[in-house]
Amino acid sequence: MDNYTQAEQKIPLSLDAGFSKTLEHLPLTFSFMLSQMNRGNDSNYIEMVDRWKAGFEFNVHPAVSLRAGLNRTVQKSLKIGNKNSFTGATFGLGINYKHFRVDLSYWNWGDIGSPMQFGFNYMF
């Protein structure tokens, strides 16, 4: 039991900062985020700003949203050689009906695969 009580470990921490902007005359929201800003070499700002995520959400109808995005961190870490692909790209669809929300998304992980995610929410 001493092995578990005597070991000290740092608490995981990830510092992220971002913003979203919905356009005034178009049902489009743009989001941008710098992620894991506290990781890596503190003096290498290029490395810090190269870990970003960006996305768009277009509200086709009050009940339907189309989404797309890019996760640069995933793109860099899973890119194989000089292969230019859509690794890190995401695409999605959201449907709202009364208190229910259904989300469907596709995430391209390059050679690893491309999972589909499904979400079902009830808002009360």
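**Fold, sheet and a buried aspartate**

From the N terminus on, the elements of the protein chain follow the order α-β-β-α-β-β-α-β-β-β, which comes to three helices and seven strands (DSSP runs numbered from the N terminus, with helices being H or I of at least four residues and strands E of at least two). The model is predicted, with local features needing pLDDT of at least 70 and side-chain atom pairs counting only at pLDDT 80 or more, while totals for chains, interfaces and linings use all residues. Residues are numbered from 1 along each chain as its sequence is written, and side-chain values use heavy atoms, with hydrogens and water left out.

The seven strands form an open sheet in the order 1-2-3-4-5-6-7, with antiparallel pairing; two strands pair if DSSP finds at least two bridges between them. At the edges are strand 1 (17–22) and strand 7 (116–122), each pairing on one side only. From one strand to the next, the twist averages 15 degrees (axes are lines fitted to C-alpha atoms, and angles run from 0 to 180 degrees between N-to-C directions). Strand 6 (residues 100–107) is joined to strand 7 by seven bridges, and the two run antiparallel. Within this pairing, Arg 101 has Asn 121 of strand 7 as its bridge partner.

Asp 103 also lies in strand 6. This residue is buried, with a relative accessible area of 17% (buried means under 20%, exposed over 50% and partly exposed in between, using a 1.4 Å probe and protein chains only). The side chain of Asp 103 makes polar contacts with the side chains of Arg 67 at 2.9 Å and Arg 101 at 3.1 Å. Such a contact is a pair of N or O atoms within 3.5 Å; within protein, one must be able to donate a hydrogen and the other to accept it, and residues adjacent in sequence count only if both atoms are side-chain atoms. Leaving aside residues up to four places away in sequence, Asp 103 touches Arg 67, Leu 93, Gly 94, Gln 117, Phe 118, Gly 119 and Asn 121 (contact means heavy atoms within 4.5 Å).

Most residues other than glycine have a negative phi. Lys 98, although not a glycine, has a positive phi of about 55 degrees.

Across the protein chain, buried residues make up 17% of the 124 residues. Among contacts between residues at least 6 apart in sequence, 24% join residues at least 24 apart.
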